[in-house]
Amino acid sequence: MIQKFEGRYGFLSNFYPCLIEHKGISYPSVEHFYVAQKCNGPQFMNGVQYTPADFREMIARIPNPGTVKKLGKKMSIRSDWNEKKLDFMN
């Protein structure tokens, strides 16, 4: 049984470094891409309003996928996320 995504199983983690290019943005991990796709409206973070495109670019520049995951829990998530999330992962 896999206990952690380390060593030979590291590639199974959403945090594993891999380049995903989507609509002109390069994401450094699956976690980055996944969180970026949760957005389809304006985002307000730390007193700043971001357009969806600017927010996705900002996510792509965050070096740590753990930080991205935490951000994904604080952001405004698109209303159709439960219906769309599996489509983004295919």
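Let's begin with E31, which lies in helix α1 (residues 30-37). Helices here are DSSP runs of H or I with at least four residues, strands are DSSP runs of E with at least two, and both are numbered from the N terminus. Before going on, keep in mind that this is a predicted model, where local features need pLDDT of at least 70 and side-chain atom pairs count only at pLDDT 80 or more, while totals for chains, interfaces and linings use all residues. Residues are numbered from 1 along each chain as its sequence is written, and side-chain values use heavy atoms, with hydrogens and water left out.

Back to E31. Is it buried or exposed? E31 is buried, and that word means under 20% relative accessible area, with exposed meaning over 50% and partly exposed in between (1.4 Å probe, protein chains only). E31 also has no salt bridge, a salt bridge being a side-chain nitrogen of Lys or Arg within 4 Å of a carboxyl oxygen of Asp or Glu. The nearest side chain of opposite charge belongs to K69, 5.5 Å away. Here Lys and Arg count as positive and Asp and Glu as negative, while His and the chain ends are not counted. Leaving aside neighbours within four places in sequence, E31 is in contact with N14, F15, P65, V68 and K69, where contact means heavy atoms within 4.5 Å.

So where do we find a salt bridge? Side chains of opposite charge can pair when their charged atoms come close. A search of the whole structure turns up 1 salt bridge, and R78 and D80 have side chains that meet in one, at 2.6 Å from N to O. R78 counts as buried because its relative accessible area is 13%.

Now step back and look at the whole chain. It has 4 helices and 4 strands, and from the N terminus on they run β-β-α-β-β-α-α-α. The radius of gyration is 14 Å, close to the 12 Å that the globule rule gives for 90 residues, so the chain is as compact as a globular protein of that length. That radius is taken over C-alpha atoms, and the rule is 2.2 Å times the number of residues to the power 0.38. Along its principal axes, the C-alpha trace spans about 40 × 30 × 25 Å. Of the 90 residues, 36% count as buried. Among contacts with a separation of 6 or more, 47% come from residues 24 or more positions apart.

E57 is partly exposed because its relative accessible area is 36%. E57 and F33 are 24 residues apart in sequence but 10 Å apart in space, C-alpha to C-alpha. Which residues of α2 are buried? They are F55, R56, M58, I59 and A60. The cover over these buried residues includes β2 (25-29), α1, β3 (43-45), β4 (48-50) and α3 (65-74).

Finally, have a look at two loops. K23 sits in the loop between β1 (17-22) and β2, and K23 has a positive phi of about 50° although it is not a glycine. At 76% relative accessibility, K23 counts as exposed. N46, in the loop between β3 and β4, also has a positive phi of about 50° without being a glycine. N46 counts as exposed too, with 82% relative accessibility.
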